[in-house]
Amino acid sequence: MILRIAKFSRSISNAPRRDPVAQNQKHTPQHITGMKDLSKYRNIGIFAHVDAGKTTTTERILKLTGKIHKIGEVHDGASTMDFMEQEAERGITIQSAATTCFWKGYQFNVIDTPGHVDFTIEVYRSLKVLDGGVGVFCGSGGVEPQSETNWRYANDSKVSRVIYVNKLDRIGADFYRVIAQVKKILGATPLVMVLPIGTESDFVGVVDLLSMKAHIWDESGQPENFKIEEIPADMVEKAKEYRAQLIETAVEQDDAIMEAYLEGTEPTVEQIKKCIRKGTIDLAFFPTYCGSSFKNKGLQLVLDAVVDYLPSPTDVKPLPEVDAEGNETGKFAIIDPTAPFRGLAFKIMDDKFGALTFTRIYSGTIKKGDTVLNSFTGKTERISRMVEMHADDRNEVDTAQAGDIVAIVGLKNVQTGHTLCDEKNPATLEPMVFPDPVISIAVAPKDKANAEKLANAIGKMIQEDPSFRVETDEETNEMILKGMGELHLDIKIDILKRTHKVEVTVGAPQVAYRETITKSVNDSYTHKKQSGGSGQFAKIDYTIDPGEPGTGFIFESKVVGGSIPKEFIPAVEKGFKTSVDKGPLAGYPCLDFKVTLNEGGFHAVDSSNIAFEIAAKAAYRQTMVKAGPQILEPMMKLDVFAPEEKVGDVIGDLNRRRGMIQGQEPTPGGVRIKAEAPLSAMFGYIGDLRTMTSGRGQFSMEFSHYAPCPKNVSDDVIAKAKAREEALKK
């Protein structure tokens, strides 16, 4: 698990697709007949912590751009983008939704992503295919836990962003405090572009620091009802101060403009915008705005910022192509509609019309009726229908080209991360790597009629969500669902029952324990079989050592002089590698150890690959029990909000759950407590927290690392594993 998560982190932190420097001229054809004007495209995502107002912000954007005419509210369960029943009921976004809209002649392909930590994977895969983003922060909540995670993903994918501080009409809202948190917690440089006029219930508009004018909205709630006026007298000095800071930061992006500025020539607004655009694309800073999406105040300036400062598809470095091992080939998916077709499937969604494969097209053009190659499966797929999505509505399109995001209908064998390409010019784009789940539950169909429906439904759900895994326990024949948290699995069960009409019996949640070792052991094993038929012989001398956390399984051969022929050494590695799924204590996968093959012996006739593989498997069983095995449990990073008067109760409860308190931070209306606690102790925590805090407490939790269990917990895990084994024997 740790190894997979390490790979996940590396895959996004090393993502070479983005480049702080605008794309080299040679990659971008400037005058190609039939090419859309990609300078007027903006592929953007909207992301934030749960309840910061992402979906409400998206609704307002759709209204402002004329995409919808009636605004649906999240709290009423009527928003356009949260179209799943479960989203409408819970008031949260569960899956990313895509739409296309237009602002001042620019085309926005917008993806609204979830905020809850259990659905972070939706944010990761959306950021993977976007060129820019809008990070939404709550004016009173500030930089919350999921904001940090999403910001980190965006940094790793080198996605340019503008910041929007929302909910300034809320009690406790403080724009300047949020700016300070962005600097301190995210380590980012916010470039303040506007200042709020009034706060909380008195928030009426913003001062635009570029034009030095005030934008004041009336109380009608209509976004178009605003006036541009002179700055209020009591804000003039502060506006001048912040404008000077803005200009000083921006002009650092252009030596000539900075030199002129230092000599006393103030740059024009166009020159300042040019510098801001360069700095935003270079990730040097993040233009920062504020407003109230719910009250329709301040969003026009954010939309203008998307146009002015976020990159078009041609402003980011083209995505590299990779070989079968994932190494870069030196070739790129160039933004050119006449180049060979290259597209990345980043999301699968099943609906009443069939499977929709959301695809970002990086290079080339596809038309209805074309045949494309899936480079992962080696199979071709026919493009029968393509649509531009508007949440769960769609518009048919006949062609799509580099820079577009479309949904292709009815592809059979495509999964998230697969590359679709020209069958005559095959290529693979950098794939997506997803972390392993940390929690599982067993489910069983209530009767035979539901059994077949369950299998079909699960197949569709796995395609849609790569962080959702399913396996069958061969011993009990139970179906085990694995996910990223309690809410994640709770939603999956709900979708099974309501969307797919499958009735299931659900078991208690189970923790994904792991095992490791603590001691080094030198050992030897000889496999000898000479009764009947051809004989088998293999002898291996080896050392098993504990590894560093996150290193996974490592194999090294130090055999010299031919005591084991070279052709048999891979079989030894395979024998150990296939054994790691079953640890010596309770049968959980074993992490972080190294096997060194030192010496051995062979028989000229009776030795074979299979003999050495069997020897390695037996050696694993023989030695791991001697190497100080221990149970590891998943530790979760917690961020708990509690009213001030209940902090003592909450901390006491966390201590009882074996939690380690790592810090406290006062916020408007309460205290944020940062802690780590074992997943096994956190089941049902939200109910207990709400009881302790009279319904006012909130928390978020995400996987941190694996850590050794205390002896009493370890003994209990081992005892349950043995009891399960005994029950199966009977």
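I'll go through confidence, then some strands, a helix pair and one alanine.

So, ground rules. This is a predicted model, where local features need pLDDT of at least 70, side-chain atom pairs count only at pLDDT 80 or more, and totals for chains, interfaces and linings use all residues. Residues are numbered from 1 along each chain as its sequence is written, and side-chain values use heavy atoms, with hydrogens and water left out.

Now, pLDDT is the predictor's confidence in each residue, from 0 to 100. The protein averages 82, and 85% of the residues score at least 70. Over residues 1-33, though, the pLDDT is below 50, and that stretch has 93 contacts beyond near neighbours in sequence; a contact is heavy atoms within 4.5 Å. Residues 68-96 are also below 50, with 95 such contacts.

On to strands. Helices (H or I, at least four residues) and strands (E, at least two) are DSSP runs, numbered from the N terminus, and two strands pair if DSSP finds at least two bridges between them. There's an open sheet of three strands, ordered β13-β12-β24, with antiparallel pairing. Which strands stand at the edges? They are β13 (328-333) and β24 (428-429); each has a single partner strand, so one side of each is left without a neighbour in the sheet. Strand β12, residues 319-322, is joined to β13 by three bridges, and Val-322 sits opposite Glu-328 in β13.

Now look at β34, residues 593-601. Eight bridges join it to β32 (residues 536-546), and those two run antiparallel. β33 (residues 553-557) pairs with β34 in the parallel sense, over five bridges. Find Val-595 in β34: it is the bridge partner of Ile-544, and Phe-555 stands opposite Val-595 too.

Next, the helix pair. The axes of α15 (residues 647-656) and α16 (residues 685-692) come within 10 Å and cross at roughly 150°. Axes here are lines fitted to C-alpha atoms, for helices over the stretch in contact, with angles from 0 to 180 degrees between N-to-C directions. That makes α15 roughly antiparallel to α16, a label for angles over 145 degrees. From α15, Asp-649, Val-650, Asp-653 and Leu-654 make the contact, and from α16 it's Tyr-685, Leu-689 and Met-692.

Last stop, Ala-719, in helix α17, residues 711-729. Ala-719 is partly exposed, with a relative accessible area of 43%; buried means under 20%, exposed over 50%, partly exposed in between, using a 1.4 Å probe and protein chains only. Ala-719 and Ala-586 are 133 residues apart in sequence, yet 8.2 Å apart in space, C-alpha to C-alpha.

Notes:
Parallel < 35°, antiparallel > 145°, perpendicular 65-115°, else oblique.
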